[in-house]
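Student: Could you take me through one part of this model in detail? I would like to start with how its parts touch, then see the whole.

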Amino acid sequence: MEGFLTAAELEALDLSLRVAFVAVLADLPFAFFAALLLARCRFRGKPLVDGLIHLPLVLPPVALGYLLLISFGTRAPLGAFLFANFGIRFVFSWTGAALAAAILTFPFQVRAIRLSLEAQDRGLAEAAETLGAGAFDRLLSLYIPLAAPGILAGLVTAFAACLGEFGAIITFVSNIPGETRTIPLAIYTAIQAPGGEAAAARLAALSIMLALAGLVLADWVAGRTRMLIGQ
Amino acid sequence: MKAGVTLQHRLGDFTLDAAFEFGESPCVTALFGPSGAGKSTVLAAIAGLFRPQSGRIALGGEVLFDSERRIFVPARDRRVGIVFQDARLFPHMNVHANLLYGWRRAAARAQDQTIDAVIALLGLEELLARKPRTLSGGERARVALGRALLMGPRALLLDEPLTALDALRKAEILPYLERLVQETKIPMLYVSHALDEVTRLADRMVVLNEGRIVAEGSLFDVTARLDLFTGKHRLPGAVLEAQIARHDEPHGLTELAFDGEILVVPHIGRTIGDKVRIRIDADDVMLALTRPEGLSANNILAAEISAIREDGPNADVQLRLNGALLIARITRRSLERLDLKPGTQVFALIKSVTVGGRESS
């Protein structure tokens, strides 16, 4: 890789992967419970909750980046509070990029998990209940294992979407080499610089390879899991 | 252990209003009725999967549901085993894990030997490592039975466990069910609309129709009633219990004793003194006013007509032989020609007898 990519480009690759990993893993528990709520519960205001969860799908990423900036900036109330009390700073930091990516790709995970939860036979839960399993027990022994293909599909889709995130990241945490310059931002920077076409092409090729590898891996993993859970 | 069930529930046009008991020795009660009668709803209420608008359900001394006292024990605490029609095995677990699902969660776990005994009883030794997807319908039903047994249930509810199976698979699993009934003393409520299953397994019968209990009593009394089922729900015939009296090896026949009478049927491979259930279909019984002579028929029984119900061109005639009841189906024309009335002494010619689940003539 060293021969193919420059040190700065490797840095962008490393950063992209880190941002995506942290974003999807941090999202997962929330996405699962949001999906469970939507798939299994009936309550007033459900369409509103559903709409809020799916909002990032239709919201311009730049608008989200702006909203994050005015909420989590060190001089904004929320940002100042987090920084003063926990030393957490999102602006101009890769963790901010992960936060933006996490919010934007949240609906991808919720959708995939919700579909797999809705596809589950409710009769299995009834059977488990008569066999002595309480709600939390059923969650661990039935819902989660049976939703595994959906969870994995959601993770992979969200991961891929994270790798491509641009607008929200550049607006919220800016374009700092080694800190917030992920691959899309590096491509953008390369195009802006005179004579940067070769670098841009290399980074684009890298993006294509990452995407392909992700798809192949996702397909293989999905097949394996379906086999493991007996479908 | 006795279970008392009283429940009322209204849903749209359908009203369920049922009260019955089950579980006292003899322990297998069939909840019988056409589809849509409300059988599965009753079962769901007993298991705790459905909360009726009003009523009371008690098992042994414990109240599981009482609408007046606002008691509703959740399904997971009821220890009522249920075997569903579609087995409902957990697809991501192998047979062994499925079997132990309820056992692991039971407060008072059965001994390890019990697990082996149940596995042997249901013939599951070879299946333990398999996933439910790879099992046949009959195997799935057996695993579902084993899973429910191993949770240590106080009562076992069987919701048409054989309906999804073809005749061959049914014949495969019925012997297991019979052994289960004989070897475990767990009170069972067996929901079915198939009389052949009911006659092999049940001792008592509760008949549900359009949400109401229309009959409750011994299997023999209920199957001989003329007023219960009409049209397409008509029962094929009465069920009796007989004892193997003698084997006539040279002729390949077995003599069955019941109610002081002898019935001759093709050879049954059971020991003398064994009790067997027999079903005599109404269409296979002919009536005569005098004892017929010079006939090939072996089985001619003296009886008295106890009731008659006319049904289109036909008439169902209930016959009393000492204590047992039989039904004959003849044409209304024959009824008039022979001038048959309740009280008339007749001879019943029995063309064919179904022993257990098997047909023999």
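Tutor: Start where the two domains of chain B meet. In this predicted model, 11 residues of domain 1 of chain B are in contact with 10 residues of domain 2 of chain B. Where do these domains run? Domain 1 of chain B covers 2-223, and domain 2 of chain B covers 237-360. Those bounds come from an automatic or database domain assignment. Now take the centres of the two domains, over C-alpha atoms. They lie 33 Å apart.

Next, the chain around them. The secondary structure of chain B comes to 8 helices and 22 strands. Its C-alpha trace spans about 65 × 50 × 35 Å along the principal axes. How does the radius of gyration of chain B fit a compact globule? A compact globule of 361 residues would have a value near 21 Å, and chain B has 22 Å, so the two agree.

Look at the contacts along the sequence. Take pairs in chain B that are at least 6 residues apart. Of these contacts, 64% join residues at least 24 apart.

Now the inside and the surface. Of the 361 residues of chain B, 54% count as buried; here buried means under 20% relative accessible area. The accessible surface of chain B comes to about 16,100 Å². Carbon and sulfur atoms account for 47% of that surface.

Last, charge. Chain B carries 46 positive and 45 negative side chains. The centres of these two sets lie 6 Å apart.

Technical notes:
Residues are numbered from 1 along each chain as its sequence is written. Chains are lettered from A and ligands numbered from 1 in the order in which they are written. This is a predicted model: local features need pLDDT of at least 70, side-chain atom pairs count only at pLDDT 80 or more; totals for chains, interfaces and linings use all residues. Side-chain values use heavy atoms; hydrogens and water are left out. Helices (H or I, at least four residues) and strands (E, at least two) are DSSP runs, numbered from the N terminus. The radius of gyration is taken over C-alpha atoms; the globule rule is 2.2 Å times the number of residues to the power 0.38. Buried means under 20% relative accessible area, exposed over 50%, partly exposed in between (1.4 Å probe, protein chains only). Contact means heavy atoms within 4.5 Å. Accessible areas come from the Shrake-Rupley method with a 1.4 Å probe; for residues, only the protein chains shown count as cover. Lys and Arg count as positive and Asp and Glu as negative; His and the chain ends are not counted. The place of a charge is taken as NZ of Lys, CZ of Arg, CG of Asp or CD of Glu.
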